[in-house]
Amino acid sequence: MRFGLRYFRSLLTRDSYAQVLDRGLVALAAGKYRAADRTLKRAHRMKSGETQAFANRLLALLGKGDMKAAGRVADALLGAPMPEKNSNLIAAQALEQLGRFSDAADCVARAYAADTVETSLLELVGRLYWKGGAPDRARAAWAEWQVRENALAAKHAANDTRYLGLPWVGWIGNMCHLDVYQKARMLGLMPEHHAIILAPENRIANACLLDYWKEYFEVRVESPQTPGSETPFRWFAPIHTLQLKERCMYLYDLQAQVEHIWESQSRPPLLRLKDAHHEQGKLALSRLGIPHGSWYVCLHVREQGFWQEGGSRFHLPRCADIRKYAEAIRAIVAAGGWVIRMGDPSMSRLPAMQGVVDYAHSAERSDWMDVYLAASCRFMLAGNSGLVWLAKLFGRPVVGADWLPMGPLPPTSKDIVVPKRLYSRSERRFLNFREMIHGDLAYEWSGTLYERLKLAVHDANPSVLTAAVKQMLAETGAMEGVGDQSSPSLRDLALRSGFAANCRLATGFMQQHPEFMQ
(Lines give C-alpha, C1' and ligand atoms only; values in the text may rest on other atoms or scores of the structure.)
Protein backbone atom coordinates (compact mmCIF):
# COMPACT_ATOMS: atom_id res chain seq x y z
CA MET A 1 0.00 0.00 0.00
CA ARG A 2 2.87 2.35 0.91
CA PHE A 3 4.45 1.63 -2.50
CA GLY A 4 1.17 2.48 -4.15
CA LEU A 5 1.01 5.85 -2.35
CA ARG A 6 4.55 6.76 -3.41
CA TYR A 7 3.71 5.88 -6.99
CA PHE A 8 0.50 7.93 -6.83
CA ARG A 9 2.40 10.95 -5.43
CA SER A 10 4.99 10.65 -8.20
CA LEU A 11 2.21 10.84 -10.75
CA LEU A 12 0.90 14.00 -9.14
CA THR A 13 4.33 15.68 -9.10
CA ARG A 14 5.57 14.45 -12.50
CA ASP A 15 6.60 17.29 -14.78
CA SER A 16 4.65 17.85 -17.94
CA TYR A 17 6.25 17.86 -21.39
CA ALA A 18 5.88 21.64 -21.54
CA GLN A 19 7.67 22.09 -18.20
CA VAL A 20 10.57 19.84 -19.18
CA LEU A 21 10.87 21.52 -22.59
CA ASP A 22 10.87 24.96 -20.94
CA ARG A 23 13.67 23.94 -18.54
CA GLY A 24 15.70 22.64 -21.46
CA LEU A 25 15.27 25.86 -23.43
CA VAL A 26 16.25 27.96 -20.40
CA ALA A 27 19.43 25.88 -19.95
CA LEU A 28 20.21 26.22 -23.65
CA ALA A 29 19.80 30.01 -23.55
CA ALA A 30 22.12 30.14 -20.51
CA GLY A 31 24.83 28.20 -22.34
CA LYS A 32 24.46 25.16 -20.03
CA TYR A 33 24.68 22.76 -22.94
CA ARG A 34 25.08 19.48 -21.06
CA ALA A 35 22.05 20.15 -18.87
CA ALA A 36 20.10 21.31 -21.91
CA ASP A 37 21.01 18.13 -23.80
CA ARG A 38 19.83 15.88 -20.97
CA THR A 39 16.60 17.81 -20.42
CA LEU A 40 15.67 18.16 -24.10
CA LYS A 41 16.42 14.49 -24.68
CA ARG A 42 13.99 13.66 -21.87
CA ALA A 43 11.37 16.00 -23.36
CA HIS A 44 11.69 14.31 -26.76
CA ARG A 45 11.19 10.88 -25.17
CA MET A 46 8.06 12.14 -23.43
CA LYS A 47 6.55 13.29 -26.72
CA SER A 48 8.50 11.89 -29.64
CA GLY A 49 6.04 13.22 -32.19
CA GLU A 50 6.95 16.82 -31.32
CA THR A 51 10.11 18.03 -33.04
CA GLN A 52 10.79 21.23 -31.08
CA ALA A 53 12.72 19.46 -28.31
CA PHE A 54 14.59 17.34 -30.87
CA ALA A 55 15.61 20.37 -32.95
CA ASN A 56 16.78 22.36 -29.93
CA ARG A 57 18.72 19.37 -28.66
CA LEU A 58 20.80 19.62 -31.82
CA LEU A 59 21.87 23.12 -30.77
CA ALA A 60 22.77 21.81 -27.31
CA LEU A 61 24.92 19.03 -28.78
CA LEU A 62 26.75 21.58 -30.93
CA GLY A 63 27.29 23.77 -27.89
CA LYS A 64 28.95 21.01 -25.92
CA GLY A 65 31.00 19.86 -28.92
CA ASP A 66 29.51 16.40 -29.48
CA MET A 67 29.83 16.37 -33.27
CA LYS A 68 29.00 12.69 -33.73
CA ALA A 69 25.76 12.86 -31.76
CA ALA A 70 24.88 16.15 -33.47
CA GLY A 71 25.32 14.51 -36.87
CA ARG A 72 23.06 11.60 -35.89
CA VAL A 73 20.34 13.90 -34.57
CA ALA A 74 20.61 16.05 -37.71
CA ASP A 75 20.15 12.99 -39.94
CA ALA A 76 17.15 11.87 -37.87
CA LEU A 77 15.58 15.33 -38.10
CA LEU A 78 15.99 15.45 -41.87
CA GLY A 79 14.36 12.07 -42.21
CA ALA A 80 11.43 12.86 -39.94
CA PRO A 81 8.21 14.63 -40.89
CA MET A 82 8.66 18.15 -39.54
CA PRO A 83 5.85 20.44 -40.68
CA GLU A 84 6.35 23.08 -37.98
CA LYS A 85 7.98 26.28 -39.20
CA ASN A 86 9.93 27.00 -36.00
CA SER A 87 11.37 23.50 -35.66
CA ASN A 88 12.63 23.65 -39.24
CA LEU A 89 14.25 27.03 -38.63
CA ILE A 90 15.95 25.77 -35.45
CA ALA A 91 17.23 22.73 -37.32
CA ALA A 92 18.48 24.98 -40.12
CA GLN A 93 20.40 27.12 -37.64
CA ALA A 94 22.15 24.05 -36.24
CA LEU A 95 22.84 22.54 -39.65
CA GLU A 96 24.39 25.83 -40.75
CA GLN A 97 26.77 25.65 -37.80
CA LEU A 98 27.64 22.11 -38.84
CA GLY A 99 28.47 23.41 -42.30
CA ARG A 100 25.68 21.36 -43.89
CA PHE A 101 24.36 24.31 -45.86
CA SER A 102 22.28 22.47 -48.43
CA ASP A 103 20.52 20.51 -45.67
CA ALA A 104 19.94 23.78 -43.83
CA ALA A 105 18.47 25.28 -47.00
CA ASP A 106 16.12 22.31 -47.33
CA CYS A 107 14.88 22.91 -43.76
CA VAL A 108 14.25 26.59 -44.45
CA ALA A 109 12.39 25.59 -47.62
CA ARG A 110 10.15 23.37 -45.47
CA ALA A 111 9.61 26.30 -43.10
CA TYR A 112 8.59 28.45 -46.06
CA ALA A 113 6.15 25.76 -47.20
CA ALA A 114 4.53 26.07 -43.76
CA ASP A 115 4.31 29.88 -44.04
CA THR A 116 4.43 31.15 -47.63
CA VAL A 117 3.59 34.68 -46.47
CA GLU A 118 7.13 35.09 -45.13
CA THR A 119 8.88 35.48 -48.48
CA SER A 120 12.16 36.49 -46.79
CA LEU A 121 12.71 32.80 -46.11
CA LEU A 122 13.36 32.33 -49.83
CA GLU A 123 16.26 34.78 -49.57
CA LEU A 124 17.69 32.67 -46.75
CA VAL A 125 17.26 29.49 -48.81
CA GLY A 126 19.27 31.07 -51.62
CA ARG A 127 21.95 32.35 -49.25
CA LEU A 128 22.46 28.92 -47.70
CA TYR A 129 22.72 27.26 -51.11
CA TRP A 130 25.26 29.93 -52.12
CA LYS A 131 27.37 29.30 -49.02
CA GLY A 132 27.14 25.58 -49.72
CA GLY A 133 28.61 25.93 -53.20
CA ALA A 134 25.34 25.43 -55.09
CA PRO A 135 25.05 28.72 -57.05
CA ASP A 136 22.40 27.50 -59.51
CA ARG A 137 20.03 26.49 -56.71
CA ALA A 138 20.79 29.77 -54.94
CA ARG A 139 19.93 31.83 -58.01
CA ALA A 140 16.70 29.87 -58.52
CA ALA A 141 15.61 30.57 -54.93
CA TRP A 142 16.55 34.24 -55.22
CA ALA A 143 14.68 34.55 -58.53
CA GLU A 144 11.51 33.20 -56.91
CA TRP A 145 12.06 35.53 -53.96
CA GLN A 146 12.35 38.54 -56.29
CA VAL A 147 9.15 37.63 -58.15
CA ARG A 148 7.17 37.22 -54.94
CA GLU A 149 8.59 40.37 -53.34
CA ASN A 150 7.83 42.42 -56.46
CA ALA A 151 4.28 41.09 -56.58
CA LEU A 152 3.76 41.83 -52.89
CA ALA A 153 5.17 45.34 -53.27
CA ALA A 154 2.97 46.01 -56.32
CA LYS A 155 -0.08 44.86 -54.38
CA HIS A 156 0.66 47.45 -51.69
CA ALA A 157 1.86 50.14 -54.14
CA ALA A 158 5.28 50.17 -52.51
CA ASN A 159 7.63 49.40 -55.43
CA ASP A 160 9.71 52.57 -55.13
CA THR A 161 10.72 52.32 -51.46
CA ARG A 162 13.05 49.93 -49.63
CA TYR A 163 13.39 49.71 -45.86
CA LEU A 164 16.63 48.75 -44.15
CA GLY A 165 15.90 47.46 -40.66
CA LEU A 166 17.64 46.02 -37.61
CA PRO A 167 20.12 43.77 -39.48
CA TRP A 168 21.66 46.88 -41.05
CA VAL A 169 22.09 48.87 -37.83
CA GLY A 170 22.30 46.40 -34.94
CA TRP A 171 26.01 45.60 -35.42
CA ILE A 172 28.84 47.94 -36.35
CA GLY A 173 30.09 45.81 -39.26
CA ASN A 174 26.60 45.56 -40.74
CA MET A 175 26.11 49.31 -40.46
CA CYS A 176 29.32 49.76 -42.44
CA HIS A 177 27.90 47.58 -45.23
CA LEU A 178 25.48 50.40 -46.02
CA ASP A 179 28.51 51.59 -48.01
CA VAL A 180 28.10 48.72 -50.50
CA TYR A 181 24.37 49.37 -50.78
CA GLN A 182 24.79 53.08 -51.48
CA LYS A 183 27.69 52.67 -53.91
CA ALA A 184 25.69 50.07 -55.88
CA ARG A 185 22.85 52.61 -56.11
CA MET A 186 25.19 55.38 -57.25
CA LEU A 187 26.77 53.14 -59.87
CA GLY A 188 23.34 52.35 -61.30
CA LEU A 189 23.49 48.67 -60.41
CA MET A 190 20.23 48.71 -58.41
CA PRO A 191 16.75 49.79 -59.50
CA GLU A 192 15.87 53.38 -58.64
CA HIS A 193 14.24 53.57 -55.22
CA HIS A 194 13.99 55.59 -52.04
CA ALA A 195 15.89 53.93 -49.15
CA ILE A 196 14.75 54.37 -45.56
CA ILE A 197 16.75 53.13 -42.58
CA LEU A 198 14.43 52.00 -39.76
CA ALA A 199 16.58 51.93 -36.62
CA PRO A 200 15.12 50.50 -33.40
CA GLU A 201 16.16 53.06 -30.79
CA ASN A 202 17.41 50.41 -28.35
CA ARG A 203 19.41 48.40 -30.93
CA ILE A 204 21.64 50.95 -32.70
CA ALA A 205 25.25 49.74 -32.76
CA ASN A 206 26.75 53.22 -33.20
CA ALA A 207 24.49 56.28 -33.14
CA CYS A 208 27.26 58.57 -34.39
CA LEU A 209 27.87 56.46 -37.49
CA LEU A 210 24.13 56.26 -38.16
CA ASP A 211 24.08 60.07 -38.17
CA TYR A 212 26.78 60.08 -40.87
CA TRP A 213 24.54 58.01 -43.14
CA LYS A 214 21.83 60.70 -43.13
CA GLU A 215 23.62 62.28 -46.08
CA TYR A 216 22.54 59.33 -48.26
CA PHE A 217 19.53 57.72 -46.55
CA GLU A 218 16.38 58.81 -44.83
CA VAL A 219 16.85 57.67 -41.23
CA ARG A 220 13.96 56.98 -38.88
CA VAL A 221 14.63 55.97 -35.27
CA GLU A 222 11.67 53.98 -34.00
CA SER A 223 10.47 53.04 -30.55
CA PRO A 224 9.67 49.37 -29.86
CA GLN A 225 6.33 48.46 -31.39
CA THR A 226 3.39 48.12 -29.06
CA PRO A 227 2.23 44.48 -28.94
CA GLY A 228 -0.84 43.96 -31.06
CA SER A 229 -0.43 47.16 -33.08
CA GLU A 230 -0.55 46.87 -36.84
CA THR A 231 2.42 47.73 -39.07
CA PRO A 232 1.92 48.90 -42.67
CA PHE A 233 3.52 46.87 -45.45
CA ARG A 234 7.24 47.55 -45.80
CA TRP A 235 9.60 46.09 -48.39
CA PHE A 236 12.66 45.24 -46.31
CA ALA A 237 16.04 44.86 -48.00
CA PRO A 238 17.98 41.95 -46.43
CA ILE A 239 21.62 42.61 -45.67
CA HIS A 240 23.22 39.48 -47.12
CA THR A 241 21.58 39.42 -50.56
CA LEU A 242 21.08 42.56 -52.60
CA GLN A 243 18.59 42.87 -55.44
CA LEU A 244 20.21 44.40 -58.51
CA LYS A 245 18.55 45.31 -61.79
CA GLU A 246 19.21 41.98 -63.45
CA ARG A 247 19.88 39.54 -60.61
CA CYS A 248 20.59 39.07 -56.92
CA MET A 249 24.10 38.98 -55.50
CA TYR A 250 25.62 37.87 -52.22
CA LEU A 251 26.87 40.89 -50.25
CA TYR A 252 30.60 40.12 -50.17
CA ASP A 253 30.78 39.20 -53.86
CA LEU A 254 29.02 42.43 -54.73
CA GLN A 255 31.28 44.40 -52.39
CA ALA A 256 34.47 43.28 -54.19
CA GLN A 257 32.99 44.10 -57.60
CA VAL A 258 31.63 47.49 -56.49
CA GLU A 259 34.97 48.48 -54.93
CA HIS A 260 36.82 47.47 -58.11
CA ILE A 261 34.59 49.75 -60.21
CA TRP A 262 34.78 52.53 -57.60
CA GLU A 263 38.59 52.44 -57.58
CA SER A 264 38.85 52.29 -61.38
CA GLN A 265 36.80 55.52 -61.55
CA SER A 266 38.98 57.17 -58.85
CA ARG A 267 35.95 57.98 -56.72
CA PRO A 268 36.53 59.17 -53.12
CA PRO A 269 35.12 57.48 -49.98
CA LEU A 270 31.46 58.22 -49.31
CA LEU A 271 32.10 59.43 -45.77
CA ARG A 272 34.39 62.21 -44.56
CA LEU A 273 35.13 62.99 -40.92
CA LYS A 274 33.13 65.98 -39.71
CA ASP A 275 35.07 69.05 -38.60
CA ALA A 276 33.52 68.92 -35.12
CA HIS A 277 34.61 65.32 -34.62
CA HIS A 278 38.07 66.15 -35.93
CA GLU A 279 38.52 68.89 -33.33
CA GLN A 280 36.99 66.87 -30.49
CA GLY A 281 39.15 63.90 -31.44
CA LYS A 282 42.38 65.88 -31.22
CA LEU A 283 41.45 66.95 -27.69
CA ALA A 284 40.61 63.35 -26.72
CA LEU A 285 43.96 62.13 -28.10
CA SER A 286 45.69 64.69 -25.91
CA ARG A 287 43.81 63.38 -22.86
CA LEU A 288 44.98 59.87 -23.79
CA GLY A 289 48.58 61.11 -23.67
CA ILE A 290 49.20 61.20 -27.43
CA PRO A 291 51.15 64.34 -28.45
CA HIS A 292 49.61 66.74 -30.96
CA GLY A 293 50.52 65.85 -34.55
CA SER A 294 51.36 62.22 -33.79
CA TRP A 295 50.16 59.49 -36.08
CA TYR A 296 48.80 56.17 -34.93
CA VAL A 297 47.67 52.72 -36.00
CA CYS A 298 44.43 51.19 -34.72
CA LEU A 299 44.81 47.61 -33.48
CA HIS A 300 41.88 45.27 -32.96
CA VAL A 301 42.40 41.61 -32.10
CA ARG A 302 39.10 39.84 -31.73
CA GLU A 303 38.34 38.02 -28.46
CA GLN A 304 35.33 35.97 -27.35
CA GLY A 305 33.98 38.29 -24.67
CA PHE A 306 31.95 40.63 -26.90
CA TRP A 307 29.64 37.85 -28.06
CA GLN A 308 29.56 36.25 -24.58
CA GLU A 309 30.08 32.86 -26.13
CA GLY A 310 30.68 30.97 -22.89
CA GLY A 311 32.87 28.37 -24.59
CA SER A 312 30.93 28.18 -27.85
CA ARG A 313 33.09 27.18 -30.80
CA PHE A 314 31.21 29.23 -33.36
CA HIS A 315 33.17 32.52 -33.36
CA LEU A 316 36.43 31.09 -31.98
CA PRO A 317 38.26 30.69 -35.34
CA ARG A 318 38.16 34.47 -35.88
CA CYS A 319 39.69 35.19 -32.47
CA ALA A 320 43.42 35.48 -31.77
CA ASP A 321 45.91 36.14 -28.97
CA ILE A 322 46.94 39.79 -28.80
CA ARG A 323 50.20 38.89 -27.04
CA LYS A 324 51.69 37.61 -30.30
CA TYR A 325 51.29 41.12 -31.78
CA ALA A 326 53.94 42.51 -29.41
CA GLU A 327 56.68 42.52 -32.08
CA ALA A 328 54.39 44.25 -34.60
CA ILE A 329 53.46 46.85 -31.97
CA ARG A 330 57.14 47.56 -31.29
CA ALA A 331 57.73 48.03 -35.03
CA ILE A 332 55.04 50.73 -35.19
CA VAL A 333 56.38 52.54 -32.12
CA ALA A 334 59.96 52.30 -33.46
CA ALA A 335 58.76 54.01 -36.67
CA GLY A 336 57.53 56.95 -34.59
CA GLY A 337 53.87 56.00 -34.30
CA TRP A 338 51.42 55.11 -31.57
CA VAL A 339 49.21 52.06 -31.26
CA ILE A 340 45.61 52.45 -30.11
CA ARG A 341 44.05 49.18 -29.07
CA MET A 342 40.37 49.17 -30.08
CA GLY A 343 37.60 47.02 -28.68
CA ASP A 344 35.37 46.81 -25.62
CA PRO A 345 35.84 46.33 -21.85
CA SER A 346 35.26 42.57 -22.06
CA MET A 347 38.75 42.22 -23.60
CA SER A 348 41.84 41.29 -21.63
CA ARG A 349 43.83 44.30 -20.45
CA LEU A 350 47.13 45.13 -22.09
CA PRO A 351 50.25 45.50 -19.95
CA ALA A 352 51.75 48.98 -19.87
CA MET A 353 53.79 49.49 -23.07
CA GLN A 354 55.53 52.54 -24.44
CA GLY A 355 53.56 54.19 -27.25
CA VAL A 356 50.45 52.04 -26.66
CA VAL A 357 47.00 53.19 -25.48
CA ASP A 358 44.50 50.56 -24.33
CA TYR A 359 41.49 52.52 -25.57
CA ALA A 360 39.19 49.51 -25.04
CA HIS A 361 39.48 50.15 -21.29
CA SER A 362 39.64 53.94 -21.49
CA ALA A 363 37.15 56.50 -20.16
CA GLU A 364 37.40 58.18 -23.59
CA ARG A 365 35.68 55.23 -25.27
CA SER A 366 32.48 56.31 -27.06
CA ASP A 367 30.56 55.92 -30.32
CA TRP A 368 31.93 59.10 -31.87
CA MET A 369 35.50 58.34 -30.73
CA ASP A 370 35.34 54.90 -32.37
CA VAL A 371 34.45 56.66 -35.61
CA TYR A 372 37.14 59.32 -35.20
CA LEU A 373 39.94 56.83 -34.51
CA ALA A 374 39.03 54.53 -37.40
CA ALA A 375 38.63 57.49 -39.76
CA SER A 376 41.95 59.16 -38.94
CA CYS A 377 44.37 56.30 -38.29
CA ARG A 378 47.33 55.69 -40.60
CA PHE A 379 45.96 52.19 -41.08
CA MET A 380 43.88 49.58 -39.28
CA LEU A 381 45.59 46.37 -38.10
CA ALA A 382 42.77 43.94 -37.34
CA GLY A 383 41.23 40.55 -37.89
CA ASN A 384 37.85 39.92 -39.50
CA SER A 385 35.60 42.20 -37.45
CA GLY A 386 33.33 45.19 -37.82
CA LEU A 387 36.08 47.74 -37.14
CA VAL A 388 37.85 46.78 -40.38
CA TRP A 389 34.83 47.92 -42.36
CA LEU A 390 34.59 51.12 -40.28
CA ALA A 391 38.11 52.12 -41.35
CA LYS A 392 37.25 51.32 -44.98
CA LEU A 393 34.29 53.74 -44.92
CA PHE A 394 36.77 56.60 -44.62
CA GLY A 395 39.33 55.20 -47.06
CA ARG A 396 41.89 54.01 -44.53
CA PRO A 397 44.14 51.07 -45.54
CA VAL A 398 43.84 47.76 -43.71
CA VAL A 399 46.23 45.01 -42.70
CA GLY A 400 43.86 42.07 -42.34
CA ALA A 401 45.65 39.98 -39.73
CA ASP A 402 44.84 36.40 -38.73
CA TRP A 403 42.13 36.60 -41.38
CA LEU A 404 39.43 33.98 -41.67
CA PRO A 405 37.32 33.07 -43.62
CA MET A 406 38.62 34.10 -47.03
CA GLY A 407 35.24 35.04 -48.51
CA PRO A 408 34.68 38.49 -46.97
CA LEU A 409 38.18 39.88 -47.64
CA PRO A 410 39.29 43.50 -47.10
CA PRO A 411 37.78 45.10 -50.20
CA THR A 412 40.38 47.38 -51.85
CA SER A 413 43.72 47.04 -53.60
CA LYS A 414 45.36 49.18 -50.87
CA ASP A 415 44.70 46.42 -48.33
CA ILE A 416 46.96 43.48 -47.52
CA VAL A 417 45.99 40.31 -45.73
CA VAL A 418 47.72 37.70 -43.59
CA PRO A 419 45.39 34.67 -43.49
CA LYS A 420 45.03 32.06 -40.86
CA ARG A 421 45.73 28.66 -42.36
CA LEU A 422 43.58 25.54 -42.36
CA TYR A 423 45.31 22.21 -41.88
CA SER A 424 43.56 19.05 -43.05
CA ARG A 425 44.15 16.38 -40.43
CA SER A 426 42.84 13.67 -42.74
CA GLU A 427 45.12 14.65 -45.67
CA ARG A 428 48.00 15.90 -43.49
CA ARG A 429 48.51 19.13 -45.39
CA PHE A 430 47.51 22.80 -45.44
CA LEU A 431 44.77 24.00 -47.77
CA ASN A 432 45.64 26.55 -50.44
CA PHE A 433 43.72 29.71 -51.33
CA ARG A 434 41.52 28.12 -53.97
CA GLU A 435 40.46 25.41 -51.53
CA MET A 436 39.71 27.98 -48.82
CA ILE A 437 37.31 29.88 -51.10
CA HIS A 438 35.54 26.74 -52.30
CA GLY A 439 32.01 25.84 -51.26
CA ASP A 440 31.45 25.52 -47.52
CA LEU A 441 34.67 27.23 -46.46
CA ALA A 442 34.45 30.54 -48.33
CA TYR A 443 32.16 32.48 -46.02
CA GLU A 444 31.78 30.40 -42.87
CA TRP A 445 33.85 30.79 -39.69
CA SER A 446 31.99 28.21 -37.61
CA GLY A 447 34.35 26.19 -35.44
CA THR A 448 31.88 23.32 -35.57
CA LEU A 449 32.25 23.24 -39.36
CA TYR A 450 36.02 22.98 -39.11
CA GLU A 451 35.72 20.19 -36.56
CA ARG A 452 33.35 18.24 -38.78
CA LEU A 453 35.69 18.61 -41.76
CA LYS A 454 38.71 17.70 -39.57
CA LEU A 455 40.39 21.03 -40.17
CA ALA A 456 42.72 22.63 -37.62
CA VAL A 457 43.00 26.43 -37.55
CA HIS A 458 46.57 27.77 -37.41
CA ASP A 459 47.12 31.39 -36.43
CA ALA A 460 49.52 33.57 -38.41
CA ASN A 461 53.18 33.54 -37.40
CA PRO A 462 54.14 36.65 -35.34
CA SER A 463 57.13 37.32 -37.61
CA VAL A 464 54.83 37.31 -40.68
CA LEU A 465 52.45 39.72 -38.95
CA THR A 466 55.35 42.03 -38.17
CA ALA A 467 56.59 41.89 -41.77
CA ALA A 468 53.09 42.81 -42.99
CA VAL A 469 52.99 45.78 -40.62
CA LYS A 470 56.38 46.97 -41.86
CA GLN A 471 55.18 46.57 -45.46
CA MET A 472 52.18 48.81 -44.74
CA LEU A 473 54.32 51.30 -42.81
CA ALA A 474 56.51 51.63 -45.91
CA GLU A 475 53.54 51.88 -48.28
CA THR A 476 51.99 54.66 -46.19
CA GLY A 477 55.30 56.55 -45.88
CA ALA A 478 55.69 56.00 -42.15
CA MET A 479 59.14 54.42 -42.39
CA GLU A 480 62.03 54.29 -44.82
CA GLY A 481 61.90 51.63 -47.47
CA VAL A 482 59.68 50.83 -50.38
CA GLY A 483 56.33 49.20 -49.90
CA ASP A 484 55.41 46.28 -52.08
CA GLN A 485 52.40 47.37 -54.11
CA SER A 486 53.23 44.46 -56.42
CA SER A 487 52.69 41.90 -53.67
CA PRO A 488 50.48 39.09 -54.95
CA SER A 489 46.96 40.23 -55.79
CA LEU A 490 44.21 37.72 -55.11
CA ARG A 491 41.99 39.13 -57.86
CA ASP A 492 43.10 37.07 -60.87
CA LEU A 493 43.25 33.77 -58.99
CA ALA A 494 39.92 34.49 -57.34
CA LEU A 495 38.23 35.30 -60.65
CA ARG A 496 39.46 32.02 -62.14
CA SER A 497 37.68 30.32 -59.24
CA GLY A 498 34.43 32.22 -59.80
CA PHE A 499 35.16 34.47 -56.85
CA ALA A 500 35.75 38.22 -56.35
CA ALA A 501 38.67 39.82 -54.47
CA ASN A 502 40.79 42.98 -54.70
CA CYS A 503 43.27 42.92 -51.81
CA ARG A 504 46.84 41.60 -51.81
CA LEU A 505 48.59 38.89 -49.86
CA ALA A 506 51.29 40.21 -47.54
CA THR A 507 54.69 39.68 -49.16
CA GLY A 508 56.13 38.03 -46.04
CA PHE A 509 53.29 35.52 -45.96
CA MET A 510 53.91 34.55 -49.59
CA GLN A 511 57.63 34.17 -49.00
CA GLN A 512 56.96 31.79 -46.13
CA HIS A 513 54.05 29.94 -47.80
CA PRO A 514 54.51 29.99 -51.61
CA GLU A 515 52.29 26.92 -51.97
CA PHE A 516 49.28 28.96 -50.79
CA MET A 517 48.74 30.38 -54.29
CA GLN A 518 49.14 27.09 -56.17
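## Basis

The model is predicted: local features need pLDDT of at least 70, side-chain atom pairs count only at pLDDT 80 or more, and totals for chains, interfaces and linings use all residues. Residues are numbered from 1 along each chain as its sequence is written, and side-chain values use heavy atoms, with hydrogens and water left out.

Helices (H or I, at least four residues) and strands (E, at least two) are DSSP runs, numbered from the N terminus. Two strands pair if DSSP finds at least two bridges between them.

## Parallel sheet

Seven strands make an open sheet; the order is β8-β7-β6-β9-β10-β11-β15 and the pairing is parallel. β8 (356-357) and β15 (504-505) are the edge strands, each pairing on one side only. β11 (residues 416-419) pairs with β15 over 2 bridges, in the parallel sense. There, Ile416 stands opposite Arg504 of β15.

Helix α18 (residues 386-393) packs on this sheet. α18 touches β6 (296-300), β9 (380-382) and β10 (398-403), and its direction makes about 165 degrees with that of β10. Helix α21 (residues 462-475) lies across β9, β10, β11 and β15, at about 180 degrees to β11. Contact means heavy atoms within 4.5 Å. Axes are lines fitted to C-alpha atoms, for helices over the stretch in contact; angles run from 0 to 180 degrees between N-to-C directions.

## Antiparallel sheet

An open sheet of 3 strands has the order β13-β12-β14, with antiparallel pairing. β13 (429-430) and β14 (455-458) each have a single partner strand, so one side of each lacks a neighbour in the sheet. β12 (residues 421-424) and β14 pair over 4 bridges. Leu422 faces Val457 of β14.

Beyond its neighbours within four places in sequence, Leu373 contacts Leu285, Tyr296, Cys298, Ile340, Met342 and Tyr359.

## Helix α2

In α2 (residues 17-29), Tyr17, Val20, Leu21, Gly24, Ala27 and Leu28 are buried (under 20% relative accessible area; exposed is over 50%, partly exposed in between; 1.4 Å probe, protein chains only). These buried residues fall within an arc of 125 degrees, so they line one face of α2. The arc is that of the directions from the helix axis to the C-beta atoms. On the other side, Ala18, Val26 and Ala29 are exposed.

The buried residues of α2 pack against α3 (33-46) and α4. Gly31 follows α2, with a positive phi near 80 degrees.
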